Amino acid sequence: MTEQTAHDFRSSAIRAIRIERDAIDALESRIDDQFTRACEVIMNCTGRVVVTGMGKSGHIGNKIAATLASTGTPSFFVHPGEASHGDMGMITPQDVVIAISNSGNTSEVVTILPLIKRMGAPLISMTGNATSTLAREAVANLDVSVMVEACPLGLAPTSSTTATLVMGDALAVALLEARGFSAEDFAFSHPGGSLGRRLLLRVSDIMHTGDQIPVVNEGTPLSGALLEISRKGLGMTTVVNGEGTLTGIFTDGDLRRTLDRSVDIHHTPINEVMTRNGKTIQADHLAAEALNIMEEMKINALPVTNDSGALIGAINMHDLLRAGVI
């Protein structure tokens, strides 16, 4: 074992990064008719996209299948070795197969090619050899060849697996945009965790309603409004007119500014010190939108109104925190 210095470690790492970056840069010129054909075949697929590959290509294939599945293209991975022992039954003529092999001649993948062709499932290949068996049998071959591996021995798949992964991401993104796949669609594939909560949770799911809403009528003394803020614990109170239409809001911040003016809290009506035309949100909006408004306006609570401007709820930053939106 040779003695390595900190400089040696950094130099090796930087060299690897630069080699892999060059491999990625080379992919731009390969987004060609073959790539377009691959996209068209997948868009016309009535089944699912089945990804297969052996060894490191299989690990990359697993990731590509997962990315496709989470971005609107139903997909799963089949190990080519297992396919030869029963898992070919997972593939149907309505599916599209993406086979990954740097050499394009991996025996486990080549073995199942006749079966794929026989059932009539379109085959897309991702190879580093455009003259290989796999590339020749495919309706579209995506060129993921590299000049050199980042591994100094030229043995460990490094640049080649990176290029394949990036080509898979390019394919997934192109299909995502072609399908008009939205953030909300994405959230349905990720209902767990903060991502799903941010994208799927609506204001109506977490807002305070009924007696929980801090609300006073116009003309209520400021002291009465302060009691309402204290009772409901949202750091504010809404103000409505006789028809129940929201006309203003009074927050902790408004209180501080009011006290600086030496206002008589027992005789000053709330409508004289409240904030008019404040920000509101509707119940069917995403909770993430409420968060954006609060952060942009530097406020901690929002009244919830209906199409007619009537007050139907209230939401604050703590509600978003408890719901995992933040």
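This is a predicted model: local features need pLDDT of at least 70, side-chain atom pairs count only at pLDDT 80 or more; totals for chains, interfaces and linings use all residues.

Residues are numbered from 1 along each chain as its sequence is written, and side-chain values use heavy atoms, with hydrogens and water left out.

Q: Are the helices α3 and α7 roughly parallel or roughly antiparallel to each other?
A: Helices here are DSSP runs of H or I with at least four residues, strands are E runs of at least two, and both are numbered from the N terminus. The axes of α3 (residues 56–70) and α7 (residues 159–179) come within 10 Å and cross at roughly 15 degrees, where axes are lines fitted to C-alpha atoms over the stretch in contact and angles run from 0 to 180 degrees between N-to-C directions. Since angles under 35 degrees count as roughly parallel, over 145 as roughly antiparallel, 65 to 115 as roughly perpendicular and the rest as oblique, α3 and α7 are therefore roughly parallel.

Q: How many nonpolar residues does the contact of α3 with α7 hold?
A: With contact meaning heavy atoms within 4.5 Å, Lys56, Ile60, Lys63, Ile64, Thr67 and Leu68 in α3 meet Thr161, Thr164, Leu165, Gly168, Asp169, Ala172 and Leu175 in α7. Ala, Val, Leu, Ile, Met, Phe, Trp, Tyr, Cys and Pro count as nonpolar, Asp, Glu, Lys and Arg as charged, and the others, Gly among them, as polar. The contact residues divide into 3 charged, 4 polar and 6 nonpolar.

Q: How many residues apart are Asp143 and Arg30?
A: The side chains of Asp143 and Arg30 meet in a salt bridge (3.7 Å, N to O), a term for a side-chain nitrogen of Lys or Arg within 4 Å of a carboxyl oxygen of Asp or Glu. Asp143 belongs to strand β5 (residues 140–143) and Arg30 to the loop between α1 (6–25) and α2 (33–43), so that the pair links distant parts of the chain, 113 residues apart.

Q: Is Glu228 buried or exposed?
A: Glu228 forms a salt bridge with Arg231, the closest N and O atoms being 2.9 Å apart, and both lie in helix α11 (residues 222–232). Buried means under 20% relative accessible area, exposed over 50% and partly exposed in between (1.4 Å probe, protein chains only). Arg231, at 58%, is exposed, whereas Glu228, at 6% relative accessibility, counts as buried.
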